[in-house]
Amino acid sequence: MTTYGARHVAIIMDGNGRWAATRGQPRPYGHRAGVEALRRIVRAAPGLGVEYLSVFAFSTENWKRPPEEVEVLMDLLVEYLRSEVDELDREQVKIVFLGDARAMPERCRREMETAARRTAQNQGLVLAIAVNYGGRDEIVRAVRRALANPENLKSLDEEAFGELLDTAGMPDPDLVIRPSGEVRLSNFLLWQSAYAEIYVTPVLWPDFDESELRRALEQFEQRERRYGGHA
Ligand code: IPE
Ligand code: IPE
Ligand code: MG
């Protein structure tokens, strides 16, 4: 099986609402299909050489949506974790969360803690689920952590600051994938994506599958990463 050079792939799981609309269905129908796409991609990723998969599930800005939609998204998170944790655990997937969990509903927090605890020792794919995550919010929380311990400030540099972020211990994303055709980061992994390659596809997230992931990884292979140096 071909594997690729992207260790950390980050995906902005966008386009569920439009996917539902094209089928004349309400938005939750698209969110459910989006969960199926996530199941597929989490299964496919390790075989393609991906070691870290970060998925944007709910942003700090998504609270602006109607409460009924927010409720559905929270329920789906609980449902996904409950139904997948056994199998992911067997497959050695380690589940971690990015974002400020304190603002998440209690029922989500319980499931998040269980999933993280149960899979903490696993050595396979790291699945980082971003919920109530915003890149700016993450940076502000990291600054607060730095200020809470003046010792931190003396030796603060880029590397040390990175260890105060939610992604502490993870490499930066090599590839950020944005389905649904929008050409923006929407506040995802702002600090970490400084030199990420960005791949935008018009495919809506619920239609995203292993062959789409391969396509993105193949394009990644063609990119020349220079990090500000010259070729
Ligand atoms: C992504 O799909 C899910 C979340 C942002 C939570 P959207 O709900 O944003 O779908 P579109 O962008 O309206 O199609
Ligand atoms: C980004 O999608 C957030 C997630 C996929 C969770 P949005 O639908 O919220 O982004 P915008 O509003 O189109 O930028
Ligand atoms: Mg959207």
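Analyst: Let us begin with the make-up of a shell. In this predicted model, the shell around ligand 1 consists of three nonpolar, five polar and five charged residues. In total, 13 residues surround ligand 1, and the closest are Asp14, Gly17, Arg18, Arg27 and Arg65.

User: Which atoms of Asn16, Gly17 and Arg18 lie close to oxygen atoms of ligand 1?

Analyst: For Asn16, a backbone N or O atom lies 3.2 Å from an oxygen atom of ligand 1. For Gly17, a polar backbone atom is 2.9 Å from an oxygen atom of this ligand. Arg18 uses its side chain, with a polar atom 2.7 Å from an oxygen atom of ligand 1.

User: What surrounds ligand 2?

Analyst: The shell of ligand 2 is formed by Ile12, Met13, Asp14, Phe56, Ala57, Phe58, Asn62, Arg65, Arg178, Arg184 and Ser186. These divide into five nonpolar, two polar and four charged residues. Strand β2, residues 52-59, provides the largest share, three residues. The space that ligand 2 takes is the largest pocket.

User: Which side chains have a polar atom close to an oxygen atom of ligand 2?

Analyst: Among them is Ser186, with a distance of 2.6 Å from a polar side-chain atom to an oxygen atom of ligand 2. The corresponding distance is 3.0 Å for Asn62 and 3.4 Å for Arg178. Taken alone, ligand 2 exposes 390 Å², and the protein buries 78% of that.

User: Finally, is Glu69 buried or exposed?

Analyst: One compares the relative accessible area with a cut-off. Glu69 has a relative accessible area of 10% and therefore counts as buried, since buried means under 20%. Glu69 belongs to helix α3, residues 67-90. Its side chain makes a polar contact of 2.9 Å with that of Arg65, a residue also found in the shell of ligand 2.

Notes: Residues numbered from 1 in each chain as written. Chains lettered and ligands numbered in written order. Predicted model: local features only at pLDDT ≥ 70, side-chain atom pairs only at ≥ 80, totals over all residues. Heavy atoms only, no water. Near = heavy atom within 4 Å. Polar contact = N/O pair within 3.5 Å; in protein donor to acceptor, adjacent residues only side chain to side chain. Areas by Shrake-Rupley, 256 points an atom, 1.4 Å probe, with all protein chains shown as cover. 1 Å grid on protein atoms, 1.4 Å probe; cavity = no way out; pocket = protein on both sides within 12 Å on 5 of 7 lines; lining within 4 Å. Sits in = over half its atoms within 2 Å of the grid points. Helix = DSSP H or I, 4+ residues; strand = E, 2+ residues; numbered from the N terminus. Nonpolar A, V, L, I, M, F, W, Y, C, P; charged D, E, K, R; others polar. Buried < 20%, exposed > 50% of the residue type's maximum accessible area, 1.4 Å probe, protein only.
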